[in-house]
Amino acid sequence: MKRKFIAAWFLAIALTSCSKDFLNVVPETLLSSATFFKTESDFQQAVNGAYVPLRQMYNERAWVLEEMHSDNTYYARNTLYGAVDPTENVADFAVPTTAGTIPNTTITANDNVLVQYRLNYVIIARANQVLSLIDGITFSSAANKNNQKGQALFLRAFAYFDLVRLFGRVPLHLVPITGREDAALPLSTTEEIYAQIEKDATEASKLLPNKKDQEQGRVTSGAAKTLLANLYLTQKKWAQVETQMKDVITNDGYALMSDYNDAFSYTSTNKNNQESVFEIQYMEGSAGYNGNQIYRFLPSPITADEIKPIVGTSNPQATSQESNNIPTLDLIQAYEPGDKRKDISIGNVFLSTSLRAEKNYPYIKKYARTHSLNQNTGQNWPVYRFAEVLLFMAEAINEQGRTGEAATYLNRVRARAGLAATTASSQATMREAIFKERRVELAFENKRWFDLTRTGRVKEIISAYGAKVKAKPADYYFPAGAVPPPNAFTVLDDYYGLPAVEAALTPNF
């Protein structure tokens with residue numbers, strides 16, 4: 001027995017003496033930051049990885065929080081489907097919130113909020129890893145290093161811009177997290193987050209190549225300048241918006257597609273076209289890069305025969321879910337007579353098995369592109385288009401008192417839609433004309449909610465919209481006897497509550 005204790009003691013001493021070296025040796029087969037970030041190719045793969053969460057974000061959550069949480073789209077109530085879900089709470093402006101642990105914060109258990117929050121931080125974490133190490137690596141050329149670094153800076157800025165507009169205040173992580181203590185940062189102010197976005201986007205705009213010199217699908221200097229202009233627009237820094245947009249319009253080679261329908265990609269063609277400033281990349285097929293947005297948007301219950309003309313697949317399948325992101329009557333009526341965009345953006349389908357007396361439903365047609373297999377689409381999602389660049393420019397110039405000059409940019413967008421020049425002649429009427437033009441030009445592109453918040457019009461517009469939904473639920477896709485919940489249109493805050501699951505992991509909100 002004594003020999004056993006002595007042997008155990010020698011083993012402990014041996015392990016203790018070599019533990020320092022042993023723990024510092026990284027297994028050669030382990031893929032980690034210690035073994036991976038060594039070559040130019042490694043960094044390109046890492047930057048590719050930072051784009052990946054965007055695909056899930058735009059397929060599943062962004063349209064819920066940023067489009068359906070407005071007066072543009074609603075959900076089609078199917079009383080056979082079951083209880084109200086977290087997505088309907090967003091559409092109903094009834095997201096349950098409670099007070100956070102620190103003053104002036106709220107939290108929510110809504111799953112859409114949680115997933116969007118986390119996906120943004122995955123982008124940020126991956127970008128931070130690249131940015132923390134890239135300057136220490138030799139690349140084949142300075143241009144290649146600048147390109148990869150610029151993309152990482154853009155993606156971090158883009159993710160923080162989404163977060164700050166959704167939540168107002170979030171933790172500002174700028175270096176990789178090394179332990180649990182690093183993860184629980186306090187909330188930064190909105191102004192601090194804006195400042196970091198400006199810094200990152202400005203640097204990215206100088207490092208990234210022009211559209212003609214960039215690989216398709218990757219962000220460009222024009223995309224960075226457009227993000228920067230969007231930030232300045234939110235801050236009402238009109239002169240800075242004009243500076244960025246003038247540069248993009250003059251120097252970056254973008255143009256409106258002659259046909260509005262061609263501004264949006266098909267399932268395998270017309271991607272990253274001359275109007276595209278930045279779009280999320282999808283690919284039809286079995287590689288796992290596909291989307292299925294149109295299936296999430298179609299009203300239901302819909303039969304296979306009813307869905308086939310919309311999607312064109314060889315294996316159409318009926319659906320019976322409770323459908324979302326259905327165009328509202330309010331938006332449909334916002335199109336002027338003769339506006340070509342209306343029939344390109346919105347289609348109609350007859351649902352023979354619907355419980356509603358009115359069985360005709362609108363749907364988002366601009367994303368209904370023919371594809372091969374059920375639930376497997378490849379069209380890209382537009383984030384920034386040149387049309388929005390022109391509208392940014394029009395708004396910035398008008399807010400500086402040059403209404404006549406602003407009209408020239410607005411009218412370029414209207415002309416393609418088949419509309420006459422605007423009649424707006426004062427700053428106030430031009431402001432309203434641009435606000436309305438953004439609604440129809442950018443419908444279903446996740447712009448409406450942020451337009452309402454940045455202009456301070458949430459309570460004005462959503463209160464009136466909610467009153468109409470409650471007064472005439474049949475006009476908003478409720479079958480006879482079904483009505484919005486009692487708490488509908490009671491939570492009209494500019495920001496969502498922070499995710500309750502994340503709040504449980506930190507003392508800071």
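## Residues 357–471

In this predicted model, residues 357–471 are 56% helix and 9% strand. An unreviewed UniProt entry annotates residues 357–471 as "domain: RagB/SusD".

## Helix 15 against helix 16

Helix 15 spans residues 386–399, and helix 16 spans residues 403–416. Their axes are 7 Å apart, at an angle of about 160°. Angles over 145 degrees count as roughly antiparallel, so helix 15 is roughly antiparallel to helix 16. The crossing is left-handed.

On the helix 15 side, the contact uses Phe386, Ala387, Leu390, Leu391, Met393, Ala394, Ile397 and Asn398. Helix 16 contributes Thr403, Glu405, Ala406, Tyr409, Leu410, Arg412, Val413 and Arg416. By class, this contact has 11 nonpolar, 2 polar and 3 charged residues.

## Helix 15 against helix 17

Helix 17 covers residues 427–441. Its axis comes within 10 Å of the helix 15 axis, and the two cross at roughly 165°. Helix 15 and helix 17 are therefore roughly antiparallel. This crossing is left-handed.

Helix 15 meets helix 17 through Ala387, Glu388, Leu391, Phe392, Ala394, Glu395, Asn398 and Glu399. By class, the contact has 6 nonpolar, 2 polar and 7 charged residues.

## Confidence

Mean pLDDT for the protein is 92. Of its residues, 93% reach 70 or more. Over residues 1–30 the pLDDT is below 50. Beyond near neighbours in sequence, that stretch has 5 contacts in the model.

Conventions: Residues numbered from 1 in each chain as written. Predicted model: local features only at pLDDT ≥ 70, side-chain atom pairs only at ≥ 80, totals over all residues. Heavy atoms only, no water. Axes fitted to C-alpha atoms, helices over the stretch in contact; angles between N-to-C directions. Helix = DSSP H or I, 4+ residues; strand = E, 2+ residues; numbered from the N terminus. Parallel < 35°, antiparallel > 145°, perpendicular 65-115°, else oblique. Left-handed = near helix turned anticlockwise from the far one by under 90°. Contact = heavy atoms within 4.5 Å. Nonpolar A, V, L, I, M, F, W, Y, C, P; charged D, E, K, R; others polar. pLDDT = per-residue confidence, 0-100. UniProt positions renumbered as here; feature names shortened; annotations may be inferred.
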